[in-house]
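Let's take a look at this protein chain together. Have the sequence and the 3D view open as you read.

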Amino acid sequence: MSDRAPRTVERQLPTEESKDLLTLVRDIVEREIVPRASEEEEAGHFPRETFSLLSESGLLGLPYDSEHGGGDQPYEVYLQVLEELAAARLTVGLGVSVHSLACHALASYGTPGQQAAHLPAMLGGGLLGAYCLSEPASGSDAASLGTKAVRDGDDWLITGTKAWITHGGVADFYTVLARSGGAGAGGISAFLVPGDADGLVAAAPEKKMGMKGSPTAQLHFDGVRIGDDRRIGDEGQGFAIALSALDSGRLGIAACAVGVAQAALDGAVEYATGRRQFGRPIADFQGLRFMLADMATRVEAGRALYLAAARLRDAGLPFSRQAAMAKLFCTDAAMQVTTDAVQVLGGYGYTADFPVERYMREAKVLQIVEGTNQIQRMVIARHLAGPETR
Ligand SMILES: Cc1cc2nc3c(=O)[nH]c(=O)nc-3n(C[C@H](O)[C@H](O)[C@H](O)COP(=O)(O)OP(=O)(O)OC[C@H]3O[C@@H](n4cnc5c(N)ncnc54)[C@H](O)[C@@H]3O)c2cc1C
């Protein structure tokens, strides 16, 4: 049995170069990622070798400047690459999105000296990154984070615990938000911490419902010493940097969600046209035909929404509201579509013999990460009606 159904996506891409890029990505996906995806996910294997291959192929720095080793690709193209990777295996698609998120602070707010020193290795030199905002007691209310950064001469000492860190324990660098000043958002600064820093210890990875190949772990910082040349942006600018990274990161999550949903739709269509009951293919029954039609419509609507937001970003226009909408819509759509795909396959859908149950478990996490979908609704409502009055 094939690991997944044939792909049915027709893409609009802006240049010949971007078409070639998508062809390269599909080739890597079919050769290197799909054949091992379900088995490695079940075993909880982190595919570091796949990330090394993606880096060698220039796919870990796509939306960043070529001056620093990036791929110079617009978000419109980068996100469609993410979609293809996530359709094959969310651990890989989301991993690339998180790596991009971790690079955002330095690429957008670093000094030219910092960028020259670190970005080439981060964008194309084989390094893998992680983004450290959440803490055990500070999730949605991220501005209340408690990890401390205290001045010690020309250095900073970072102490505290970060939680839920994708690539925690396996990353080569961590973009860390820590409190260098007083309470609230204005007391937070951003730091670039090497993965092998003294005093930095990762806990055992969380045991998760899905994305088992992607390590998610707490990180304990016990007086981790960082030079001031690794502080990114101004003191107190960290929370603004973190939110700016999340605006772009949410588009990545939206694209990953569409990828997972598309894979589930393809699997459902393939199964429904092959499986016979009552002497006919089950795809003959209107109850299923309408379900498939609704699934396909959600997938197309999600893709259109994230691409519209991406094109605003590429044009240098504000896109924060549209990114929240894309994250909200695409991840809710992925949950619905993957759940429906399991239904289309009946009992077989509930088994690990087909990947649709994996897609359903993968979709769930996308409604939670990078701001839960309740938080996305808060962001959208603030754009519409202003901040809450209390
Ligand atoms: C697999 C995985 C990977 C992750 N990777 C990373 C990572 O790499 N880096 C990182 O920093 N974090 C990461 N996270 C953390 C993720 O961003 C948080 O889990 C998320 O922001 C929610 O925080 P929380 O889990 O503390 O939930 P809480 O904030 O405690 O929320 C619990 C519930 O309350 C709801 N809620 C909270 N406040 C409100 C409100 N004002 N209005 C309405 N509802 C509300 C939430 O929507 C949620 O349903 C990851 C999480 C997971 C599960």
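## A hidden histidine

His 167 is buried, with a relative accessible area of 0%. Here, buried means under 20% relative accessible area, exposed means over 50%, and partly exposed is in between (1.4 Å probe, protein chains only). You'll find His 167 in the loop between strand S3 (155-166) and strand S4 (173-179). Its phi is positive, about 75 degrees, although His 167 is not a glycine.

Before going on, note that this is a predicted model: local features need pLDDT of at least 70, side-chain atom pairs count only at pLDDT 80 or more, and totals for chains, interfaces and linings use all residues. Residues are numbered from 1 along each chain as its sequence is written, and side-chain values use heavy atoms, with hydrogens and water left out.

## An exposed phenylalanine

Now hop over to Phe 278, in the loop between strand S9 (276-277) and strand S10 (280-281). Phe 278 also isn't a glycine, yet its phi is positive, near 55 degrees. Is Phe 278 buried or exposed? With 78% relative accessibility, Phe 278 counts as exposed.

## The whole chain

Zooming out, the chain has 10 helices and 10 strands. These are DSSP runs numbered from the N terminus: helices are H or I with at least four residues, and strands are E with at least two. The C-alpha atoms fill a box of roughly 80 × 50 × 40 Å, taken along the principal axes. Of the chain's 390 residues, 52% count as buried.
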